[in-house]
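Biologist: I am new to reading models of this kind, and I would like to go through one slowly with you.

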Amino acid sequence: LFRAKQWYQRRVRGEAITLYTTHLTGLHPVTIETYDLLIRALIKQEKYEEAIEELRATKEAKTLKYGDFSKQVATHHKLLGSVFLLTERTKEALAEFRKCLKVLGVIQTSPTEMTVAIKKTVQSLEANKETRPMFKLY
């Protein structure tokens, strides 16, 4: 019964995403927002590997729609880094946080609370301390 329920949830999720991408295209803001909601739901359910797959799949769409240096792409890197940190993949988390900081460095005129928090997390990871994100995941 549990496996049947999981299969059904995946099927419904897949059909919903297919409808959005068919009618609105993968670059439509509503489609991208739908994927973001799906990813956050997966994280809340602690389905981190599925969340990572979806994050990797949506990166290109966000870059094409909003550009390499946009708040949406920076947030994407932050979220992916956070999930990597939750799965104890520190090197990958650090790489994503650095990408996030690079994007934020280009688009911001002065550091925000999020930027400062990510910098602290990066410094903590570089110092090989056990850490958790110094900011909200979503």
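Biologist: Is Ile-52 buried or exposed?

Modeller: Let me first say that this is a predicted model, in which local features need pLDDT of at least 70 and side-chain atom pairs count only at pLDDT 80 or more, while totals for chains, interfaces and linings use all residues. Residues are numbered from 1 along each chain as its sequence is written, and side-chain values use heavy atoms, with hydrogens and water left out. Buried means under 20% relative accessible area, exposed means over 50%, and partly exposed lies in between, with a 1.4 Å probe and protein chains only. Ile-52 has a relative accessible area of 2%, so this residue is buried.

Biologist: Where is Ile-52 found, and with which residues is Ile-52 in contact, leaving aside its neighbours within four places in sequence?

Modeller: Helices are DSSP runs of H or I with at least four residues, numbered from the N terminus, and Ile-52 is found in helix H3. Contact means heavy atoms within 4.5 Å; leaving aside neighbours within four places in sequence, Ile-52 is in contact with Leu-80, Val-83, Phe-84, Thr-87 and Arg-89.

Biologist: What is the relative accessible area of Thr-63?

Modeller: The value for Thr-63 is 18%, and therefore Thr-63 is buried. Thr-63 has its place in helix H3 and, with neighbours within four places in sequence left aside, is in contact with Asp-68 and Val-73.

Biologist: Where does Phe-69 lie?

Modeller: Phe-69 lies in the loop between helix H3 (48-66) and helix H4 (71-86), and Phe-69 is partly exposed because its relative accessible area is 42%.

Notes: Helix = DSSP H or I, 4+ residues; strand = E, 2+ residues; numbered from the N terminus.
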